[in-house]
Amino acid sequence: MAGGAAQPGAELLAFPRFRDSSTQSLAYGYGPRSLSELRAREFGRLAGTVYLDHAGATLFPQSQLTSFTHDLTENVYGNPHSQNISSKLTHDTVEQVRYRILTHFHTSPEDYSVIFTAGSTAALKLVAEAFPWVSAVQESSGSLFCYLTDSHTSVVGMRTVAKVTSIPVRPEDMCSAEKRGAAARDPDCQLPHLFCYPAQSNFSGTRYPLSWIEEVKSGRTCPVHSVPGKWFVLLDAASYVSTSPLDLSVHQADFIPLSFYKIFGFPTGLGALLVHNRAAPLLRKTYFGGGTAAAYLAGDDFYIPRQSVAERFEDGTISFLDVIALKHGFDALERLTGGMENIMQHTFTLAQYTYTALSSLRYPNGAPVVQIYSDSEFSSPEVQGPIINFNVLDDNGNIIGYSQVDKMASLYNIRVRTGCFCNTGACQRHLGISDEMVKKHLQAGHVCGDDVDLIDGQPTGSVRISFGYMSTLEDAQAFLRFIIATRLHPSNGRAIPQVTPGEAGAYPAESEAQNAVTATMDRRRPSPQEDTRTDSGVWNDLPTVVDAVGLYPPVLEAARTQQTPSEKAAGALDGGLGPHVVTNLYLYPIKSCAAFEVTRWPLGNQGLLYDRSWMVVNHNGICLSQKQEPRLCLIQPFIDLQQKIMVIKAKGMEPIEVPLEENGERAQICQSKVCMDRVNTYDCGEKISSWLSKFLGRPCHLIKQSSNFQRNAKKKHSKGQSAGTTTTLSLVNEAQYLLINRSSVLELQQQLNACDENRKEEVFPVKDLISRFRANIITNGASAFEEEKWDEISIGSLQFQVLGPCHRCQMICIDQKTGHRNQDVFQKLSESRERKVNFGVYLMHVSLDLSSPRFLSVGSQVLPTLKENVECHDLPALEKHQDVIS
């Protein structure tokens with residue numbers, strides 16, 4: 001690869017050159033159909049977004065939804081179990097869809113039956129429950145359940161229901177069995193065994209031979225050595241059929257589970273089990289539900305099932321409207337692409353191109369940029385699906401955690417999948433994770449689906465991209481440019497290019513901050529150590545300038561030179577540490593909105609009074625953060641304790657007031673969710689809802705945590721806190737307080753500015769950097785990152801326990817003055833902090849007594865206590881940091 005002087009994207013493999021060098025004919029697109037027009041017409045919602053998680057869920061086209069909703073508005077569909085005309089229409093339409101499904105897979109009702117289920121997982125569970133397992137009795141052997149280790153969790157989970165001997169089979173062992181040939185077989189032994197394997201690995205995209213079906217059923221290949229009996233085959237086709245044709249007239253597996261959203265994107269929650277009619281009579285059913293009985297008695301153990309296998313196993317009323325939606329899915333797919341063969345060729349071309357370009361990327365020292373996990377060389381769609389699984393490496397060959405890659409990708413509006421993808425067997429095999437390591441990771445706090453990506457430097461998962469039928473060359477190249485830009489050509493302070501209006505993530509050009517609301521108080525100066533009071537007049541008696549100002553107010557006097565209390569407390573920022581004191585205090589009344597800076601503020605039992613007591617939710621009641629809506633940072637709340645109101649301002653909007661406390665008689669209690677916790681909240685009314693909706697351009701509401709609701713912290717008890725005492729939280733993510741050290745900010749600033757020494761102005765002013773980390777308490781007087789060695793601190797007479805570091809997300813890339821994004825902060829932290837983006841520490845109260853008002857004040861002295869076994873001499877700024885897993 002070229003050196004770092006090349007422009008981003010210079011090393012991108014040109015598609016014409018790739019196509020010309022290919023040894024096979026490559027198909028891109030769908031003949032005369034314009035792919036760009038298809039994207040614009042059918043998937044306009046993708047503008048500005050690169051969606052590369054089609055193996056997780058593909059996307060539905062607009063015309064499919066339009067056609068389906070038109071169908072529903074033009075027809076009356078009744079319960080198919082009734083006999084009226086509307087119900088007969090439903091029954092006949094559902095049966096037509098069953099036939100359409102079988103036709104899609106090149107078979108007919110003479111060979112296969114379609115049982116609708118809640119998804120492929122439900123289909124697998126049905127087989128596990130109904131297969132005619134024979135338990136081992138004394139010396140007589142029983143049935144075997146064999147499954148490929150490269151199987152989805154839902155396949156492996158069948159073993160707990162089967163309750164027979166389960167044998168995992170490695171892919172390499174299955175290949176050896178093919179070469180080994182047929183074992184001695186007793187034709188009279190009908191002991192049933194089941195072998196399950198995926199047509200396509202959802203982890204790596206490897207496509208396993210469909211020929212295994214007949215080889216295993218005929219006895220020419222046996223998953224295990226010399227086992228008498230009759231083998232049945234379950235082909236997990238959920239991942240495979242999303243982008244490839246499956247011909248069941250040739251490859252006649254006994255059971256084929258499907259999930260239709262993998263093919264069409266809609267409807268979700270609907271799948272099917274295709275059962276070969278020769279295997280259907282063997283299935284045993286215990287439970288019977290509505291619609292499955294030909295006759296039964298309520299007072300006696302008498303039950304006769306219905307004749308067809310579908311009627312016997314579809315308990316209750318099927319999701320018939322979703323089934324009807326499948327008809328429109330098939331119509332749209334064929335109309336837009338011409339069929340699954342075209343989809344297979346198109347998606348494979350994109351995957352092969354991306355694989356070729358990605359695997360060729362090298363650092364200047366020759367080291368690869370990524371490690372790809374694959375069993376093929378992407379030579380043909382017969383052996384490889386449109387999935388690429390990989391981990392990003394640094395130039396020393398160390399793996400960069402998948403969580404960090406995911407966060408960086410999101411800054412470029414790229415959607416990927418990370419983790420182990422519900423396929424632990426493949427993850428272990430490709431990443432070299434032993435059984436003991438899996439158990440060790442669990443003990444360390446890692447569970448499936450979390451963002452704990454590295455433990456002791458070893459990966460717990462990887463990154464996966466996958467293509468769908470509407471994916472384009474531009475999608476693939478945007479992803480490759482992202483890897484090149486972030487790994488080979490750092491942007492040196494350049495902001496991420498802003499997308500055009502109408503695209504996802506577009507922001508207004510204005511970056512002006514709002515006018516300040518300055519509350520003038522009694523001009524009596526406080527003692528910096530004053531944090532308790534005996535009177536109850538919290539607001540009226542607050543001394544000197546509480547300066548309840550926004551984080552970015554314009555200077556009220558044009559030629560103002562006098563230092564603010566915060567600036568005086570900060571001391572010199574040119575290298576001297578100065579006194580160890582609090583320099584700034586911020587609270588964030590509305591979660592993810594602008595900060596409210598104060599010099600002295602009362603404490604509540606959840607932290608700073610009114611800190612993150614409100615949050616903005618969308619029309620579904622889901623909390624909005626700057627990750628989804630960056631313009632939240634332009635909404636500025638101001639608290640007036642005397643008038644008991646919060647004033648909210650934003651550019652172009654009239655200020656609006658919200659009461660600090662709910663009206664108990666009018667408040668409508670609703671449940672919301674914050675960091676997996678259920679919280680009781682109330683809606684602040686239609687007036688503020690309309691205000692927010694107008695500013696953000698989407699329907700939303702402002703809600704506040706109910707004053708009589710207690711959200712308990714998950715953290716262990718603080719020191720000095722009795723076991724019966726519970727620490728409570730507002731709508732914060734982790735803890736009551738977040739503290740950052742100004743020296744740490746300065747060191748980060750130096751690293752960022754060093755990226756481009758030719759700039760005349762600072763790329764990241766200190767105050768701008770501080771604002772990105774959205775901390776409550778800013779201190780000065782300690783060495784950079786020394787705060788990570790603290791166990792406890794006292795601020796004035798208040799005691800706090802340090803819970804651990806704050807692991808940062810991509811929100812730190814958002815400029816809090818403009819809402820624009822720049823990935824440099826996240827990337828530089830990642831590089832300097834050894835790939836774990838920690839910054840700041842969480843604090844909790846220790847034995848807080850609120851019998852009299854307590855305050856935090858700028859200028860208060862900070863006295864930390866170091867953790868045990870930590871020496872007190874100077875701490876190196878970039879000392880290796882032990883991961884904290886909570």
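Visitor: Let's start with a pair of helices. Is the crossing of α14 and α22 left-handed or right-handed?
Guide: α14 passes α22 in a left-handed crossing. Keep in mind that this is a predicted model.

Visitor: And at what angle do α14 and α22 pack?
Guide: The angle is about 160 degrees, and the axes lie 10 Å apart. Here α14 covers residues 402-411, while α22 covers residues 824-832. Since angles over 145 degrees count as roughly antiparallel, α14 is roughly antiparallel to α22.

Visitor: Which residues make the contact between α14 and α22?
Guide: From α14 you get Gln404, Lys407 and Met408, and from α22 come Phe826, Gln827 and Ser830. Sorted by class, this contact has 3 polar, 2 nonpolar and 1 charged residues.

Visitor: Now try another pair. How do α20 and α21 pack?
Guide: Helix α20 (residues 742-754) and helix α21 (residues 766-773) have axes 10 Å apart and an angle of about 115 degrees. The range for roughly perpendicular runs from 65 to 115 degrees, so α20 is roughly perpendicular to α21. The hand here is right-handed.

Visitor: Which residues of α20 and α21 are in that contact?
Guide: α20 brings Arg742, Val745, Leu746, Leu748, Gln749 and Leu752, and α21 brings Val766, Leu769, Ile770 and Phe773. By class, that works out as 8 nonpolar, 1 polar and 1 charged residues.

Visitor: On to strands. In what order do β23, β24 and β39 form their sheet?
Guide: Read it as β24-β23-β39, an open sheet of 3 strands with antiparallel pairing.

Visitor: Which strands stand at the edges?
Guide: Those are β24 (607-608) and β39 (855-857). Each has a single partner strand, so one side of each lacks a neighbour in the sheet.

Visitor: Over how many bridges do β23 and β24 pair?
Guide: β23, residues 600-604, pairs with β24 over 2 bridges, in the antiparallel sense.

Visitor: Let's check backbone torsions. Is the peptide bond from Phe266 to Pro267 cis or trans?
Guide: That bond is cis, with omega near 5 degrees. You'll find Pro267 in the loop between α10 (261-264) and β8 (271-276).

Visitor: What is phi for Tyr610?
Guide: Tyr610 has a positive phi of about 70 degrees, although it is not a glycine. The residue sits in the loop between β24 and β25 (614-618).

Visitor: Is Tyr610 buried or exposed?
Guide: The cut-off for buried is under 20% relative accessible area. Tyr610 has 13% relative accessibility, so it counts as buried.

Visitor: And what about phi of Phe785?
Guide: Phe785 is a residue other than glycine with a positive phi, near 65 degrees. Its place is the loop between β35 (777-780) and β36 (790-795). With a relative accessibility of 6%, Phe785 counts as buried.

Visitor: Zooming out, how many helices and strands are there in the chain?
Guide: The chain has 22 helices and 40 strands.

Visitor: What share of the residues of the chain count as buried?
Guide: The figure is 55% of the 886 residues.

Visitor: And what percentage of the contacts with a separation of 6 or more is between residues 24 or more positions apart?
Guide: Such residues account for 73% of those contacts in the chain.

Conventions. Residues are numbered from 1 along each chain as its sequence is written. This is a predicted model: local features need pLDDT of at least 70, side-chain atom pairs count only at pLDDT 80 or more; totals for chains, interfaces and linings use all residues. Side-chain values use heavy atoms; hydrogens and water are left out. Axes are lines fitted to C-alpha atoms, for helices over the stretch in contact, and angles run from 0 to 180 degrees between N-to-C directions. Helices (H or I, at least four residues) and strands (E, at least two) are DSSP runs, numbered from the N terminus. Angles under 35 degrees count as roughly parallel, over 145 as roughly antiparallel, 65 to 115 as roughly perpendicular and the rest as oblique. A crossing is left-handed if the near helix is turned anticlockwise from the far one by less than a right angle, and right-handed if clockwise. Contact means heavy atoms within 4.5 Å. Ala, Val, Leu, Ile, Met, Phe, Trp, Tyr, Cys and Pro count as nonpolar, Asp, Glu, Lys and Arg as charged, and the others, Gly among them, as polar. Two strands pair if DSSP finds at least two bridges between them. Buried means under 20% relative accessible area, exposed over 50%, partly exposed in between (1.4 Å probe, protein chains only).
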